Amino acid sequence: MKNNIISLFGNEARKDESQYPATVPLYQIPRERFTEAAKPMKTAGARLVAEWATDETSFGKGFGIYVCYAKDSEYLILKTYTPLEDPTFPSLTKKFVPAYRFERQMRSLMGVIPLGHPDSRPWIKHEDWQEDVYPLRKSFDASKSISRVKGEYQWIRAEGEGVYEIPVGPVHAGIIEPGHFRFQAVGEDVINLEEKLGYVHKGIEKRFESLPWDEGAKLAGRVSGDTTVAHALCYCRTVESMTECNPPERALWLRALMLERERIANHLGDIGAICNDAAFAFMLYQLTILKERLLRTNYKLFGHRFMMDKVIPGGVAIDISDKNKEEILSEMNWLTNEFERLVIIYDENSSLDDRLRDAGVLTDGKAKELCVVGFTARASGQNMDCRIQNPFSPYDRIIPKMTVLNSGDVHARLWVRTDEIRDSIRLIIEILNSLPEGKITETFTPPSPDKSGFAVVEGWRGEIVYWVQSGPKGEINRCMVRDPSSVNWIALEEAIHGNIVPDFPLCNKSFNQSYSGHDL
Amino acid sequence: MLRILHQIFRTGIVTESLPPAEEAEVEAIGVKLEEAIKRYFRRSLTIREVDAGSCNGCELEIHALNNPIYNCERFGIHFTASPRFADMLLVTGPVSINMETALRRTYNATPNPKFVIAVGDCGYNGGIFGESYASLGGIGKIIPVDVYIHGCPPKPADILNGILKSFEDSRPT
């Protein structure tokens, strides 16, 4: 990818030396050729990871427009500037589907306009906000409240005999996060689903800019409460890359231990909940018992049921003793026995088979086109796991196993999780058997001014991405957060086509995406 | 089928096999809760959960109340899909700007008398999200709150305790 850009742009592509780590290069290209650069990326089979804007007025510049592409283990960031008096840039949406929502979001929150974008409706920013409010701009005072205006969201409509509409949310029937789904249906068949999100937008990215660097890890740990370890870890790895801070080996292994425990707990809950949505409550209750036991062990050993605030810049906040190690090992042993019994029951249950197979299919072609990540991608034939493709210690030594299935249905997304639970148990045992001795923190000094850092971490939902930029005074100038859900949400709209309305909860649960991680 | 039955008998009733310390805590809260629920709600307390902007951490712990270990149904507590059947709202999060209207509407759709419990540090004062253009702060800024349950997130036993506290402190309003 890098070579493609250099051969296409020659001297017009300037490498930005303030970007860390060196393995993820950043090139500045001319604004009018921003879309042109997408062509060779598409031909190379790359995916669009994220697109975001920065306000670089404090550096005496305009708005920065960034896009990150990835192919296998290679990541590449391209950047261009757009002046304050003409904040426009060429849209990438026609080349890469994920740019569709990223660019709506950039327009809504930063006020930079993607030229040629097919949809000018706001995203995250709801219809009752004032049009000219751009919270991510430096000139915007975040403590000020926004006055509401009258506005109406223009839904995609379907017309014809027998077509009716079902609005759902934002307050849903279950104990879940808020969002709005608008279905057009004929009889039981869904002909279109449109999502409207942004209900839990808390101004997280803006909030980062007012926090000291170490507090940032706490906020990252609350981007999505179910993924607290992975988000905090990704933030920490990003800021550590900017300062070239190397946490001690023991800390790295303990981070992996927590990351895998988080994966198991969430996957257990999800498998149970999917079966429950197919009216097999037995599995939910059985699996929530297992999950609860794991959370209690977390509380006992790490002082928090979800291990919040245990990953900090420079290392980890808590160590485990040899006795704790034994406890986890015997817990893993117990878990394997209990879990495998339930897997057999799942496997033998023909009514589950009937509901879960061929429901909510995301074909591998669609998965590639939408650039989805995580178990959603792996259930639709995509080889993708940053623990394997971009390993950090100890994953380069304990190599996770990747399960890739091709059917892309609810069953596939459930089965990828099943295999990942098994593998995470194996990884935890390996981690504990070779856990190095030593200290658990390294001194972390905040990054110097005008640098940027990038990191990816495979959370339980998939690839999490952070890009952080330090400002002229050494403060956080911008923290871009990309939860797996930011790209995966749109896959649900695609997967539901051809399904019946009563299967929506089942399909939705099989993706189990984060609203908070998406809305930020 | 035999495997399912076998697994059910093998599992038995896990609700009673909690670690002693927690069991004592949950049981003690539970007995009082049950009395209060009998007294005020004819043995059945119906709760509508509203995420008004949370990070989903509190939701996980509220979910846990329904697992067989906490098994909140044994005290007569049910979660309902509609606020119109609810005696109590369990609200989480800092109230986000985009959830303010939905929260007010849910509150108004809940029949009187009703209890409102704000769950988590964010529900108290916005927590780490503070007060900003997007986070309006604690739940109490938008609707009247009877009890606050602290914690990030509060543990399931703390949530049960908080529900009980709402009966001790006040009659439903």
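This report walks through a predicted two-chain model, from overall build to single residues.

Because the model is predicted, local features need pLDDT of at least 70 and side-chain atom pairs count only at pLDDT 80 or more, while totals for chains, interfaces and linings use all residues. Residues are numbered from 1 along each chain as its sequence is written, and chains are lettered from A and ligands numbered from 1 in the order in which they are written.

## The two chains

Let's start with chain A, which holds 18 helices and 16 strands. Here helices (H or I, at least four residues) and strands (E, at least two) are DSSP runs numbered from the N terminus. Chain A has a radius of gyration of 23 Å, close to the 24 Å that the globule rule gives for 520 residues, so it is as compact as a globular protein of that length. That radius is taken over C-alpha atoms, and the rule is 2.2 Å times the number of residues to the power 0.38. The C-alpha trace of chain A spans about 70 × 65 × 45 Å along its principal axes.

Chain B has six helices and five strands, in the order α-α-β-α-β-β-α-β-α-β-α from the N terminus on.

The table below uses two terms. A residue is buried if 20 or more other C-beta atoms lie within 10 Å of its own, exposed if 12 or fewer, and partly exposed in between, with C-beta atoms placed from the backbone. Two residues are in contact if their C-beta atoms, placed from the backbone, lie within 7 Å.

One piece of chain B is worth a look: helix 3 (residues 57-64) is mostly covered, with eight of its eight residues buried. Among them are Gly57(B), Cys58(B), Leu60(B) and His63(B).

## Where the chains meet

Across the interface, 44 residues of chain A are in contact with 38 residues of chain B. On the chain A side, helix 4 (204-208), helix 5 (213-220), helix 8 (281-302) and helix 9 (322-348) each supply at least two residues. Helix 8 of chain A gives the most, with six residues. By class, this side of chain A divides into 20 nonpolar, 12 polar and 12 charged residues. Ala, Val, Leu, Ile, Met, Phe, Trp, Tyr, Cys and Pro count as nonpolar, Asp, Glu, Lys and Arg as charged, and the others, Gly among them, as polar.

## Two domains in chain A

Chain A is assigned domain 1 (2-115) and domain 2 (207-484), with bounds that come from an automatic or database domain assignment. Their centres, taken over C-alpha atoms, are 28 Å apart. The contact takes 19 residues from domain 1 of chain A and 20 residues from domain 2 of chain A. Strand 2 (19-20) and strand 4 (47-55) of chain A each supply at least two residues of the domain 1 side, and strand 4 gives the most, with six residues. That domain 1 side has 12 nonpolar, five polar and two charged residues.

## A sheet and a core

Strands of chain A also form an open sheet of four, in the order 2-14-15-16, with mixed pairing. Strands pair if DSSP finds at least two bridges between them. Strand 2 and strand 16 (476-482) of chain A stand at the edges with a single partner strand each, so one side of each is left without a neighbour in the sheet. Inside the sheet, strand 14 (residues 452-458) and strand 15 (residues 463-470) of chain A run antiparallel, joined by seven bridges. One bridge pairs Ala455(A) with Tyr466(A) of strand 15.

Tyr466(A) turns up again in the largest nonpolar core, which has 200 residues; Tyr466(A), Tyr69(A), Val91(B) and Ile117(B) have the most contacts inside it. Such a core is a set of buried Ala, Val, Leu, Ile, Met, Phe, Trp, Tyr and Cys residues joined through C-beta atoms within 7 Å. Helix 7 (residues 249-277) of chain A gives the most to this core, with 15 residues. Both domain 1 and domain 2 of chain A contribute at least three residues each. Tyr69(A) touches residues including Met1(A), Met41(A) and Leu76(A).

## One cysteine up close

Cys507(A) sits in helix 17 (residues 504-511) of chain A. It counts as buried because it has 24 C-beta neighbours inside 10 Å. Setting aside residues up to four places away in sequence, Cys507(A) touches Ala359(A), Gly360(A), Val410(A), Leu492(A), Ala495(A), Ile496(A) and Asn499(A).
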